[in-house]
Amino acid sequence: MKKAKKTPLESEVLMREMVMPGDTNAHGTIFGGKVMSWIDIAAAMCASRHCNNPVVTVHIDDIEFRSPIHIGAQVVIKASVNFVGKTSMIIGVKVQSEDPYTGITRLTTKAYLTFVAIDESGKPVPVPGLIPKTEDDIRRYENAKKRVQSRKDLGKVLES
Ligand SMILES: CC(C)(COP(=O)(O)OP(=O)(O)OC[C@H]1O[C@@H](n2cnc3c(N)ncnc32)[C@H](O)[C@@H]1OP(=O)(O)O)[C@@H](O)C(=O)NCCC(=O)NCCS
């Protein structure tokens, strides 16, 4: 049976972490791998909430570290479904650092991840369609569509 379409809001994930000494690199700022791990977890929870199935990461693209995050800062990770295919979902993740004493926030990282919904035997299964509702949803949907196309185009260029 075909699953009912959903809006991005229905599966949105908002996660908050704090940068502890063990999360940092030699410069006292956050280790990039730690941020990537939080991104993957937030995005996986979001994808899984959209399709109500187990999911696996198949692709991570466009991960961009724009500014460092310092020890003691709070980290706010927002994940939402940007686009869906038949069995795949593109999840956009935005990471912000927040100084808990001033409340000042800063965009630090953006990433786009593709997940596939799987059944008990690890085979891809169809996911519900997406209803981009707000202006932001529509902008993210259109950008994700272009990202899928440009990845296909790049694949052709690299193969030839
Ligand atoms: C996910 C998996 C089951 C898909 O199997 P597959 O035989 O490639 O399946 P398909 O070719 O039918 O592709 C399924 C979907 O994934 C998409 N996909 C597969 N590989 C992809 C990639 N590298 N990048 C983006 N999308 C990809 C396909 O476009 C297709 O999307 P659609 O159904 O929405 O059109 C298999 O690739 C796998 O198990 N990968 C390992 C996942 C993993 O271990 N991740 C790390 C830990 S979570």
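Leaving out residues up to four places away in sequence, which residues does Gly 129 touch? They are Lys 5, Lys 6, His 50 and Val 84, with contact meaning heavy atoms within 4.5 Å. Before the close-ups, a word on the model: it is predicted, local features need pLDDT of at least 70, side-chain atom pairs count only at pLDDT 80 or more, and totals for chains, interfaces and linings use all residues. Residues are numbered from 1 along each chain as its sequence is written, and side-chain values use heavy atoms, with hydrogens and water left out.

**View A. Gly 129 and His 50 touch each other.** Gly 129 sits in the loop between strand 5 and helix 2; helices (H or I, at least four residues) and strands (E, at least two) are DSSP runs, numbered from the N terminus. His 50, for its part, belongs to helix 1 (residues 32-51). At 0% relative accessibility His 50 is buried, a label for anything under 20% relative accessible area, while exposed is over 50% and partly exposed falls in between (1.4 Å probe, protein chains only). Neighbours within four places in sequence aside, His 50 is in contact with Lys 6, Ser 11, Val 81, Val 84, Met 89, Pro 128, Gly 129 and Leu 130.

**View B. The largest nonpolar core has 31 residues.** Such a core is a set of buried Ala, Val, Leu, Ile, Met, Phe, Trp, Tyr and Cys residues joined through side-chain atoms within 4.5 Å. Ile 77, Met 89, Ile 91, Val 93, Val 95 and Phe 115 have the most contacts inside it. Two or more residues each come from strand 1 (13-18), helix 1, strand 3 (74-84), strand 4 (88-98) and strand 5 (105-117). Look at Val 95: beyond four places in sequence, its contacts include Val 35, Ile 39, Ile 69 and Leu 107.

**View C. Phe 83 and Tyr 141 form an aromatic pair.** A search of the whole structure turns up one such pair. Rings of Phe, Tyr and Trp (its six-membered ring) pair if their centres lie within 6.5 Å; planes under 30 degrees apart are stacked, over 60 edge-to-face, and the rest tilted. Here the centres are 5.0 Å apart with 45° between the planes, making the pair tilted. Phe 83 is in strand 3 and Tyr 141 in helix 2 (residues 135-159), so the pair ties together parts 58 residues apart in sequence. Phe 83 is buried, at 14% relative accessible area, whereas Tyr 141 is partly exposed, at 23%.

**View D. Arg 147 lies over the face of Tyr 112.** The distance to the ring centre is 3.5 Å. A charge sits over a ring if NZ of Lys or CZ of Arg is within 6 Å of the ring centre and within 35 degrees of the ring normal.

**View E. Asn 52 and Asp 62 are non-glycine residues with positive phi.** Asn 52, with a phi of about 55°, is in the loop between helix 1 and strand 2 (55-65). Asn 52 is exposed, with a relative accessible area of 56%. Asp 62 has a phi of about 60° and is found in strand 2. At 45% relative accessibility, Asp 62 is partly exposed.
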